[in-house]
Amino acid sequence: MAGYFVGVDVGSITTKVVIVSDEGNFLGSATIPTGFSVAKATDQALDQALKSASLNSDSINRIVATGYGRNLVTFANEKITEITCHAKGAYKRIGKALTLIDIGGQDSKVITINNSGKVDKFLMNDKCSAGTGRFLDVMARALDTDLENFSSMALNASSSAKINSMCTVFAETEVISLIARGTSREEIAYGLCLSIAERVGSMVKKVGFNDLIFVSGGVAYNQAVVSALSSHLQKKVTMLEEPQINGAFGAALLAIQLPS
Amino acid sequence: MANDNRSMWAELGLNMEKHDALLGILGQAYPEIYHKQNNRPKSMTYFDFVISEIHGLRVKELLDHKEKGGKVFGTFCLYVPDEIINALNGVSIGLCAGTEFSVPDAETVLPRNLCSLIKSFYGFKFGKICPYFEVADIVIGETTCDGKTKTYEELAELHPVYVLEIPHRKNEDTFKLWRTEIDKFVAKAEQITGEKLTLEKLREAIKLNNNKRIALQKLNSLRWNNPIPISGKDALLINQIAFYDDPIRFTESVNKLVDEVQDRVTQKQGVFPDNTVRLITSGTPYAIPNWKLHHVIESNGYAVVAEESCVGSRYFSELVDENAETLESLLDNIARRYFNIHCACFTPNDERLDDIVDLYKKSGAKGVINNTLSFCTPYLVEANRVKKRMDAESIPILNIESDYGMGDVEQLTTRIQAFVESM
């Protein structure tokens with residue numbers, strides 16, 4: 001088989017492109033904001049990914065699109081759901097049965113993958129942005145900081161403030177009033193992470209989890225959230241390698257299996 | 001013809017502006033969902049016609065029927081015994097309950113956190129946008145679920161309602177209760193119609209309804225062939241129309257379609273490519289004009305080959321036993337047949353799990369999509385048992401929950417696609 005294989009993951013917040021060789025080796029990637037135009041974002045991301053891999057578009061063999069905006073990727077050969085793509089990417093990394101928690105910009109999902117790499121069960125929460133990247137963006141802003149500092153703050157806290165609301169809008173209001181009452185930003189940040197862990201954790205418990213639990217999606221970079229998930233589930237939760245591009249990675253791997 | 005309809009609707013007291021808007025939406029949705037299908041059986045033109053006349057011809061027929069002294073009974077549920085209504089020269093009409101359009105009106109009275117089907121039917125009456133409601137001499141309700149039970153109290157303020165008491169368990173004692181309800185219903189229906197129930201008339205009515213069920217059984221089993229000769233959407237439409245079309249004409253039309261579809265099977269003519277992924281749906285019903293789930297499934301290139309639902313197997317899978325020599329025993333047989341419907345409002349309801357497994361195997365499906373309306377407590381809790389049973393039988397199952405709104409079409413699509421990808 002000649003050429004290279006591309007995965008395009010069009011999310012609500014960011015668009016990711018990954019390029020792999022015909023043996024599934026990672027060659028290059030790009031992550032850019034999706035913005036208003038899926039066509040523009042995918043073209044741009046593809047260009048950037050090709051540059052990062054020092055390849056040109058002639059050498060592309062097949063393309064798989066995934067994510068919320070997958071049906072708008074006109075140049076894709078096939079569209080596959082993000083559940084299947086995330087599972088494919090995670091299984092390639094881990095090689096055995098695992099539970100994958102994917103927390104993206106606006107939705108979250110839990111996928112159990114069996115020993116042969118097949119999707120066993122899945123649960124999606126895409127009706128509410130509680131506990132997602134959007135939620136964390138808003139909260140970090142309310143705490144007058146960025147996401148990296150937010151995570152450090154939470155990790156440095158010795159106790160947590162109770163956040164009662166999971167709604168992004170109402171939780172922001174709660175945070176502001178806690179600050180006004182003199183609660184430390186560390187306690188608030190930690191409290192928010194615990195809320196997310198509870199929210200996502202209940203989805204994980206519903207699907208059922210096994211020994212290996214990994215987190216993908218942009219939110220996986222937030223160590224405080226991952227650590228809060230570990231304590232909530234009483235099991236080690238680990239960030240998956242290259243978590244944010246995992247969906248695009250899986251899509252690229254699936255592109256290899258498409259008929260020519 | 002159009003003007004005849006308009007004056008008829010105005011005379012019935014409909015809110016003309018809202019009603020026009022409703023018909024406008026339906027007029028756009030139906031061609032989009034139905035006419036774009038390929039290679040539909042020619043006999044579907046009758047059913048397209050029924051939809052084009054959805055608030056026209058049939059309403060006029062009912063008005064003519066009433067002019068001749070007949071009565072119209074509005075219903076919402078499979079537990080209402082059509083045979084008794086028909087035997088007393090009554091017409092049984094399954095009332096409108098399938099659109100989001102009437103829900104906002106309902107939400108001014110009913111809580112938002114309530115089944116869409118219930119809100120929809122209440123909104124139809126409250127908003128005065130259903131001519132069938134206005135033509136119905138009485139509406140028959142039933143104590144199936146909490147939502148319906150309490151909503152009938154509200155509906156009774158707007159329209160005459162008679163509520164059947166449905167027990168929640170199935171044993172000889174509750175059967176006696178149900179049998180008594182049937183007697184009470186006969187008395188009430190006789191009072192409303194001014195007719196007397198006789199053995200002959202009841203026997204005829206049983207044959208009428210059994211014939212309809214037999215025609216539907218034939219049609220629905222033909223869907224299991226390969227290639228699939230008729231779409232799930234078309235079959236669903238017919239199952240829905242069964243609730244309110246004239247029984248004799250409907251049965252004739254279905255039998256005509258059955259012949260055509262049988263020919264297709266013989267000639268290996270299908271509406272989907274070979275090896276299209278076949279799915280069955282189960283769960284809460286999709287009242288007309290709710291075609292959302294089937295449309296999402298079939299627009300993605302999969303086919304629905306059966307429904308374990310009130311708009312599917314639960315409607316037609318069992319007949320009333322015609323063999324009885326007395327009126328009392330015929331009524332016993334009717335009571336038995338209706339008592340045996342496997343709805344989640346009964347506890348336990350394990351027979352429904354058997355039904356789903358059975359239907360899955362007979363239809364050659366690859367998976368089950370168990371679809372429950374939001375806030376439908378009985379079916380939502382039962383979804384857990386459905387999953388456990390399907391897992392035990394190694395039958396792929398997807399549990400989804402939705403309401404009438406169109407806002408979650410993308411989410412449903414993703415779940416269904418992911419489900420099929422995982423098979």
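This is a predicted model: local features need pLDDT of at least 70, side-chain atom pairs count only at pLDDT 80 or more; totals for chains, interfaces and linings use all residues.
**Entry 1**

I began with the pairing of strand 7 of chain A and strand 8 (residues 119–125) of chain A: six bridges join them, and they run antiparallel.

I then looked for a facing pair, and found T112(A) opposite K121(A) in strand 8 of chain A. The connection is a hairpin, with five residues between strand 7 and strand 8 of chain A. In that turn I picked out G117(A), which has a positive phi of about 85°.

Next I checked the other partner. Strand 6 (residues 98–103) of chain A is joined to strand 7 of chain A by six bridges, and these two also run antiparallel. Here L100(A) stands opposite I111(A) in strand 7 of chain A. Strands 6 and 7 of chain A form a hairpin too, with four residues between them.

**Entry 2: how covered is strand 7?**

I wanted to know how many of the six residues in strand 7 of chain A are buried. The count came back as six of six for residues 108–113, so I wrote the strand down as mostly covered, taking buried as 20 or more other C-beta atoms within 10 Å.

I also sorted the residues by the way they point. S108(A), V110(A) and T112(A) go one way from the strand, while K109(A), I111(A) and I113(A) go the other way. Both sets are buried, K109(A) included.

**Entry 3: R278 in chain B**

I moved to chain B and looked up R278(B), which sits in strand 5 (residues 278–283) of that chain. Why does R278(B) count as buried? Because R278(B) has 22 C-beta neighbours inside 10 Å, and the cut-off is 20 or more.

I listed its contacts, leaving aside neighbours within four places in sequence. They are A303(B), V305(B), S363(B), G364(B), A365(B) and K366(B). I also took a C-alpha distance to V420(B): R278(B) and V420(B) are 142 residues apart along the chain, and their C-alpha atoms are separated by 9.8 Å.

**Entry 4: where A meets B**

Last, I went through the contacts between the chains. Nine residues of chain A are in contact with seven residues of chain B. On the chain A side, the elements giving two or more residues are helix 2 (82–94) and strand 8. Strand 8 of chain A gives the most, with three residues.

Terms used:
Residues are numbered from 1 along each chain as its sequence is written. Chains are lettered from A and ligands numbered from 1 in the order in which they are written. A residue is buried if 20 or more other C-beta atoms lie within 10 Å of its own, exposed if 12 or fewer, and partly exposed in between; C-beta atoms are placed from the backbone. Two strands pair if DSSP finds at least two bridges between them. Two residues are in contact if their C-beta atoms, placed from the backbone, lie within 7 Å.
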